[in-house]
Amino acid sequence: MDKYKYVCCVGSVHALLLFFLINVDASVANTVFFLPKNGGIQEIISKKMLYVYWISRGGLWRRICNYYRMKYLFYKMNINSIDRYGFDEGGWTEYMVHTTKSFNLIEDGMNNYIMLKSTKDKYQNSIIHRILLHTPFMHIPYGLSKNISSIYFTGIDKIPQEIQDKARIVDMELLWRQCVDQRKQNILDLFGVNPDVLDLKDRSVLIITQPLSEDNIMAESDKIEVYKKVIKQYGERNVLIKPHPREKTNYEKKFPNALVLKSYFPIELLALSGQNLGIRKVITVYSTAIALFKNYEQCVLGDNAHPNLSFLKSK
């Protein structure tokens, strides 16, 4: 029996959850994980993986170093021929995409739906990029590489025409229901979700926050002000806050009477297995994770939440 069955290179817990739902025989013991440093997967999750390598993102020199480091690791572990799943964003995935004809791309939130055209134009309008595209150290991300055979979407938006032939629509709710109980428990254990976390009957409003300050969309103080206005309407004691895995904000300190969940697990697990949820309303600025909460009242604040969010008008 082969020691390794999959290679997974993802930078978010959403994509990691999708990987395990798509591949029912994948486990932390038969998968080689390549994870970006300072990404959305925290050590409390990665330490449960048997084979994990952290990759630094960066410019051209970092791309070259990553390429040859991965070439060595793939040769050492003899994993060049096994199935590869994950992201194709630049700076750390070049070897994984360039050295196969059947890379399986997993969606990265809204990026795969809305970033394709602008990214394609950026690469094609730059002389340096056009030159580097003829080397193994660069490719146009978000599914345009000829080496990507399949792209797994959850269907949260319209799929760009250029990559529709590669698209595979997955239903996370259906995939979760099809998992046997032990498989579900293994996934919950990996992400550190226990029954106590899922017993949230006394909170009626769920706020899904986002890394608005971490992504330099607005200042930390402005981000807190956005959520403060929302929480004031419903009362802190009625509010459940789920921070984004990449956020650094101390919501417990800012809103001491609200219940703040741990940031490191995917919010989708609340919708998929949160039978004990007492929430009636789900609020977010523009997180796509809200789509799974179909049985609750939804509120997407959008560009009305802050002037710096005007770019949402075009989405």
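The model is predicted, with local features needing pLDDT of at least 70 and side-chain atom pairs pLDDT 80 or more, while totals for chains, interfaces and linings use all residues. Residues are numbered from 1 along each chain as its sequence is written, and side-chain values use heavy atoms, without hydrogens and water.

Next, display the cysteine sulfurs. The structure contains zero disulfides (pairs of cysteine sulfur atoms within 2.5 Å). For cysteine 65, the nearest cysteine sulfur belongs to cysteine 9 and lies 18 Å away. Then select cysteine 299, which is partly exposed at 23% relative accessibility.

Now view the whole protein. Its C-alpha atoms fill a box of roughly 55 × 50 × 35 Å along the principal axes. Of its 315 residues, 53% count as buried. Among contacts (heavy atoms within 4.5 Å) with a separation of 6 or more, 62% join residues 24 or more positions apart.

Finally, turn to the largest pocket, which holds about 1300 Å³ of space. Select Asp108, Gly109, Met110, Asn111 and Arg246, the closest to its centre of the 46 lining residues. Here a pocket is an open set of points on a 1 Å grid over the protein atoms alone, where a 1.4 Å probe fits, with protein on both sides within 12 Å along at least five of seven lines; lining residues have an atom within 4 Å of a point. The volume is the space filled by probe spheres set on the points, which are joined across faces, edges and corners.

Notes. Buried < 20%, exposed > 50% of the residue type's maximum accessible area, 1.4 Å probe, protein only.
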